[in-house]
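Colleague: I would like to learn how to read a few features of a model. Shall we go through them one by one?

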Amino acid sequence: MREKIVIIGGGFAGLNVARQLNNKKEYEVIVIDKANHHAFQPLFYQVASGRLEPSNISFPYRKVFQKSKNIQFRMTEVEQILPQENKIVTSDCDFYYDKLVIASGCKSNFYGNALMEKYSFGMKNTEEAVNIRNHVLMTFEKMILLKEESEPGDWNIVIVGGGPTGVELAGSFAEMRDHVLPRDYPKMDFSALKIILINGGNKTLAAMSENAQEKSELYLKEMGVTIMNDTRVEGYDGKVITLGDGTRIPSTNVIWAAGVTGNIIPGLSEKSIERNRFLVDEYCKVEGYSNIYAVGDIACMKSEEYPHGHPQLAGVANQQGNLLGKNLLRKHISTWKKFNYLDKGTMATIGKYKAVVDLPFWKFSGYFAWYCWMFLHLMLILSVRNKLAIFMNWTWAFFNKDSSLRLIIVPRSYRKNIK
């Protein structure tokens, strides 16, 4: 009888586990996800700013596993794990497993700020990225109709968080303001449109090198982005964002990119959870359980180098997923290999010819860093069709400083509610 392995989540970690088990007839594999597609998260900001269509960076699971002889996909939301029964409870039905892999990823962390969670936009999935694009574009459509009734500050784009996501969003919207919007709305003056980056730390890209921090701030300032370091957000009512020092900034476009937290699934012991992540050993096995594993952003694997767990990065998720998949294929536990994260470097792009790259042996920025960023991200895209689509979009934008992807596709009821 085949061993049944259930994988919760089809992000980088879960997908890599499934790939290793693909077409291994001795295993029956079920991948469960509440979305029907895998999305390339590093390029969500390009969807949010109208540079790429969601389909360019999304890959339907049924297409990914179309030729697999042992992997099935089920679209549903997991509500609870019952480890005593080896059972998963979902919103539609129950699943039983011999081994369980939790790769549920993470979501935006609003740090208890309920108003910010209610009124601002997160960007952790395809729907949220599309919502940002729709909302920002609808803001301009409303303002050109009601410009006499609108305050100029209403269209400010405020991004909270100075990490890679926040920096890349700020740069992308700055280019959009300077090169795209004046063509779309020739009767509007965009010189008053502010792109504001609010950062709780004293430098942007705090996890990267000093060179990356300095260059990213220099690039953003050159592009006209207002950077507010050492600044804490106090609240937001949907129209005005309030800072810790009492400063009030009008904006109906506030994007939260200040942190993430694990998507914990109820059912496992509280002793196996720390910092909203599942505690795992060096083999990705959840503490206290013999047949449950966790990989990627949801896993907290402590080590001397990472006392609070590995960073929640795609590189960690890919490597953990690959290793766990290979280990599951090994017949004896004694032959399993321990996880050892190989940091291959990090990078971020701010705008055309403006990027920063930190490799273990070299830190650089500028033209070459920008080309490296584009090449690597293009190579990481799953399908050839998507690679070509993205390459064509990027090439067109390179020469024309424009794109034709600014579609607003929302229910009419949503449009009426945009103020």
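**Reading surface, pocket and backbone**

Modeller: Ile144 counts as partly exposed, because its relative accessibility is 31%. Keep in mind that this is a predicted model.

Colleague: Where is Ile144 placed?

Modeller: Ile144 sits in helix 5, residues 126–145.

Colleague: Which residues form a nonpolar patch on the surface with Ile144?

Modeller: Leu145 and Leu146. Together, the three have about 270 Å² of accessible area.

Colleague: Next, pockets. How does one find empty space?

Modeller: Rolling a probe the size of a water molecule over the atoms shows where space is left empty. Here, the second largest pocket holds about 780 Å³.

Colleague: Which residues lie nearest the centre of the second largest pocket?

Modeller: Arg51, Glu175, Lys352, Trp370 and Ala397, out of 37 lining residues. By class, the lining has 16 nonpolar, 11 polar and 10 charged residues.

Colleague: Which element gives the most to that lining?

Modeller: Helix 6, with 8 residues. Elements that each supply at least two residues include helix 2 (44–48), strand 23 (346–351) and helix 9 (367–380).

Colleague: Now the backbone. Which residue other than glycine has a positive phi near 65°?

Modeller: Asn23. Asn23 lies in the loop between helix 1 (12–21) and strand 2 (27–33). Its relative accessible area is 37%, so Asn23 is partly exposed.

Colleague: And Leu205: buried or exposed?

Modeller: Leu205 is buried, because its relative accessible area is 2%, under the 20% cut-off. Leu205 also has a positive phi, about 50°, though not a glycine. Its loop runs between strand 12 (195–198) and helix 7 (210–222).

Key:
Residues are numbered from 1 along each chain as its sequence is written. This is a predicted model: local features need pLDDT of at least 70, side-chain atom pairs count only at pLDDT 80 or more; totals for chains, interfaces and linings use all residues. Side-chain values use heavy atoms; hydrogens and water are left out. Patches are made of residues with over 30% relative accessible area and no salt bridge: like charges are joined within 9 Å, nonpolar side chains (Val, Leu, Ile, Met, Phe, Trp, Tyr) within 5 Å. Accessible areas come from the Shrake-Rupley method with a 1.4 Å probe; for residues, only the protein chains shown count as cover. A salt bridge is a side-chain nitrogen of Lys or Arg within 4 Å of a carboxyl oxygen of Asp or Glu. Helices (H or I, at least four residues) and strands (E, at least two) are DSSP runs, numbered from the N terminus. Buried means under 20% relative accessible area, exposed over 50%, partly exposed in between (1.4 Å probe, protein chains only). On a 1 Å grid over the protein atoms alone, a cavity is a set of points where a 1.4 Å probe fits but cannot get out, and a pocket is an open set with protein on both sides within 12 Å along at least five of seven lines; lining residues have an atom within 4 Å of a point. Grid points are joined across faces, edges and corners, and a volume is the space filled by probe spheres set on the points. Ala, Val, Leu, Ile, Met, Phe, Trp, Tyr, Cys and Pro count as nonpolar, Asp, Glu, Lys and Arg as charged, and the others, Gly among them, as polar.
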